[in-house]
Amino acid sequence: MRSLFSPAGREALRQFAWSNVLVAFDFDGTLAPIVPAPDKAAMRGNTRRLLRAVVSRYPCIVISGRGRPDLRRRLHGVSLRGIVGNHGIEHSHATPRLAEEVKRWEPVLGRRLSGFRGVRVENKSSSVAVHYRRSREKKRARAAILRAAAALGSIRVIGGKQVIDLLPEGAPHKGIALERERDRLRSDTAIYVGDDGTDEEVFGLDQPGRLLTIRVGPGRASQAAYYIESQAAVDELLAELVALRPRAQATQAGPR
């Protein structure tokens, strides 16, 4: 993995910016800083201003673990071409079967995790996030969450930054969502920016020349091609994208 702001990284970004490219972002830890209380997550004012400039020049989407209605509120006023929630599961249509499956997990998780203070189970309709950032016994809490997840049967378990995401087996993931959106928007290439384990589903796609992957923060085990140093450096990336396309394009339709 190399720095995006190395000569090679800047050249790769330039080549993609000149193509028929879709630009996609994760939200938490990418467009918005990680905060102790996930409900308080928000973009900085400068990030929002730069993102608005980027979406006026490129087709842009957000693919996040958050639910779609939640993302819509946090991205209000930004003219994205698409918003995909629940790690790629939740697009423009409801997923009642998945929601029913996830709902059955709640009492099991509640019973098994009731003794751990600072652990919070968040039902996001089509997936569950179990947060343990506020726990004083993080190792024990994480181990208990994984044991509880194992009791749910055949599901997908994805570790994040002091959160464990539980998803129905066989449900779409972020990589599938990105490919679907790229096809829908008739883009030839894509740039994807993310920061944690769920984003590896995109970073691991083998698409040389078609996909530029950028991780927020270096990570030896990551499959991303490039990295930026920190979440604050997202503003520098956005400014670079604006500079590579000085002129805004015609306004596009809102997110689907």
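**Figure 1. Strand 8 is covered on both faces**. V163, D165 and L167 are buried on one side, and I164, L166 and P168 are buried on the other. Six of the six residues of strand 8 are buried. Buried means under 20% relative accessible area, exposed means over 50%, and partly exposed lies in between (1.4 Å probe, protein chains only). Strand 8 spans residues 163–168. Strands (E, at least two residues) and helices (H or I, at least four residues) are DSSP runs, numbered from the N terminus. This is a predicted model: local features need pLDDT of at least 70, side-chain atom pairs count only at pLDDT 80 or more, and totals for chains, interfaces and linings use all residues. Residues are numbered from 1 along each chain as its sequence is written, and side-chain values use heavy atoms, with hydrogens and water left out.

**Figure 2. Strand 8 pairs with strand 6 and with strand 7.** Two strands pair if DSSP finds at least two bridges between them. Strand 6 and strand 8 run antiparallel and share four bridges. Here V130 has I164 of strand 8 as its bridge partner. Strand 7 (residues 155–159) is also antiparallel to strand 8, over five bridges. On this side, I158 has D165 of strand 8 as its bridge partner. Strand 7 and strand 8 form a hairpin, with three residues between them. Q162, in the turn, has a positive phi of about 60°.

**Figure 3. The largest pocket is lined by 29 residues**. Its volume is about 550 Å³. D28, P38, E122, H131 and V163 lie nearest the centre of this pocket. Strand 5 (120–123), strand 6 (128–131) and strand 8 each supply at least two lining residues. On a 1 Å grid over the protein atoms alone, a pocket is an open set of points with protein on both sides within 12 Å along at least five of seven lines, whereas a cavity is a set of points where a 1.4 Å probe fits but cannot get out. Lining residues have an atom within 4 Å of a point. Grid points are joined across faces, edges and corners, and the volume is the space filled by probe spheres set on the points.

Figure 4. Strand 9 (residues 189–194) and strand 10 (residues 211–216) run parallel, joined by five bridges. A190 stands opposite L211 in strand 10.

**Figure 5. Helix 6 has a buried face**. K174, G175, A177, L178, E181 and R182 are buried in helix 6. Seen down the helix axis, these residues fall within an arc of 160°, so they line one face. The arc is that of the directions from the helix axis to the C-beta atoms. An α-helix has 3.6 residues a turn, so residues three or four places apart point the same way. The buried residues of helix 6 pack against strand 2 (21–25), strand 3 (60–63), strand 4, strand 9, helix 7 (200–203) and strand 10. Contact means heavy atoms within 4.5 Å. G175 counts as buried, at 0% relative accessibility. Leaving out residues up to four places away in sequence, G175 touches E201, V202 and L205. G175 and D26 are 149 residues apart in sequence and 12 Å apart in space, C-alpha to C-alpha.

Figure 6. R186 lies in the loop between helix 6 (174–184) and strand 9. Is R186 buried or exposed? R186 is exposed, with a relative accessible area of 72%.

**Figure 7. The largest nonpolar core holds 41 residues**. A nonpolar core is a set of buried Ala, Val, Leu, Ile, Met, Phe, Trp, Tyr and Cys residues joined through side-chain atoms within 4.5 Å. F27, L31, L51, Y58, L75 and I191 touch the most other members. Elements that each supply at least two residues include helix 1 (7–17), helix 2 (45–55) and strand 11 (226–228). Helix 8 gives the largest share, six residues. A second, separate core of 19 residues includes V108, V119, V130 and A148.
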